[in-house]
Amino acid sequence: PQAQIGDAVFQGTGRITDDTRIRESLPTIRYCQEQGAAVVLMSHLGRPDGQRVPSLSLRPVAARLGELLKHPVAFLEECIGPDVEARVKALKTGEITLLENLRFHAEEEGNDPSFAQSLSRLGEIYVNDAFGTAHRAHASTEGVAHHLPAVAGFLMEKEIRYLDGARSDPARPFVAILGGAKVSDKIGVIRRLLDKVDRLLIGGGMSYTFLKAQGLAIGASKLEADKVELAKQLLADAAARNIQVLLPLDH
């Protein structure tokens with residue numbers, strides 16, 4: 001399974017400060033075990049930009065997973081290559097191993113076909129349980145699915161069902177909260193939400209592009225300069241529909 005569990009590690013310390021995502025991945029992992037599978041887990045943490053950054057290693061995740069599952073979780077120092085393939089091939093029914101941070105290879109975010117094929121050699125069925133990364137065409141999400149039968153995990157299913165209900169028949173007032181670094185990643189989502197919500201709360205790094213669009217000074221904060229005009233248009237669209245867009249006041 002591809003599980004979005006890496007972000008549970010506080011970057012820079014290797015300490016796990018919130019294991020929610022790890023816990024949410026457990027039902028899918030346990031189910032795979034119960035069906036007689038050997039489970040190979042892959043995930044990412046942070047933005048190492050294709051470099052091996054020790055503080056972004058997933059080793060602490062393997063340890064925490066083992067505690068929660070009450071079952072050993074082996075950790076591999078790499079995610080591809082002959083040694084990884086040999087160790088995965090040697091796994092027995094019910095055994096679990098976690099690969100090292102996929103983003104230590106630039107080919108992951110670049111959706112490199114060879115990298116995706118290398119990952120695909122580690123399994124027979126691909127289970128995506130990482131809703132938060134499913135929109136990205138990366139090697140471990142889009143690429144692998146070209147080589148293996150691909151299905152959604154239980155967490156993915158739960159989030160899709162919840163969002164579908166919220167989208168099709170929301171309780172009122174319907175308030176959506178969006179975060180993240182880039183407006184460009186959320187354009188489609190924002191436009192769809194403007195047809196549904198009563199209020200839209202925008203935080204994270206992308207809020208600075210909207211603050212800039214309002215003419216406010218943002219200092220050296222993160223900015224997508226080429227998306228300022230788009231942010232202005234989205235704010236105007238919201239105002240025309242009488243939808244409140246709330247941005248941070250403490251920036």
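A salt bridge is a side-chain nitrogen of Lys or Arg within 4 Å of a carboxyl oxygen of Asp or Glu. By that rule, the structure above holds twelve salt bridges. Please keep in mind that this is a predicted model, in which local features need pLDDT of at least 70 and side-chain atom pairs count only at pLDDT 80 or more, while totals for chains, interfaces and linings use all residues. Residues are numbered from 1 along each chain as its sequence is written, and side-chain values use heavy atoms, with hydrogens and water left out.

Let's start with the charged pairs. Side chains of opposite charge can pair when their charged atoms come close. Helices (H or I, at least four residues) and strands (E, at least two) are DSSP runs, numbered from the N terminus. Is Asp 19 buried or exposed? Asp 19 is buried, with a relative accessible area of 14%; buried means under 20% relative accessible area, exposed over 50%, and partly exposed in between (1.4 Å probe, protein chains only).

Now turn to helix H8, where Arg 161 and Glu 157 sit four residues apart, about one turn of the helix. Their side chains form a salt bridge at 3.3 Å, N to O. Arg 161 is exposed at 60% relative accessible area, whereas Glu 157, at 35%, counts as partly exposed. Ile 160 is also in H8, and it is partly exposed at 43% relative accessibility. Together with Phe 131, Tyr 162 and Leu 163, Ile 160 forms a nonpolar patch on the surface, with about 400 Å² of accessible area in total. Such patches are made of residues with over 30% relative accessible area and no salt bridge: like charges are joined within 9 Å, nonpolar side chains (Val, Leu, Ile, Met, Phe, Trp, Tyr) within 5 Å. The areas come from the Shrake-Rupley method with a 1.4 Å probe, and for residues only the protein chains shown count as cover.

Next, look at helix H2 (residues 26–34), whose buried residues are Leu 26, Thr 28, Ile 29, Cys 32 and Gln 33. Seen down the axis of H2, they fall within an arc of 170°, so they line one face of the helix; the arc is that of the directions from the helix axis to the C-beta atoms. These residues pack against several elements, including helix H3 (59–69), strand S5 (126–129) and helix H8 (154–168). Contact here means heavy atoms within 4.5 Å. Just after H2, Gly 36 takes a positive phi of about 90°.

Finally, the interior. A nonpolar core is a set of buried Ala, Val, Leu, Ile, Met, Phe, Trp, Tyr and Cys residues joined through side-chain atoms within 4.5 Å. In the largest one, of 25 residues, Ile 190, Val 197, Leu 200, Met 206 and Phe 210 touch the most other members. Helix H11 gives the most to this core, with six residues. A second, separate core of 19 residues includes Ile 29, Leu 58, Leu 68 and Phe 75.
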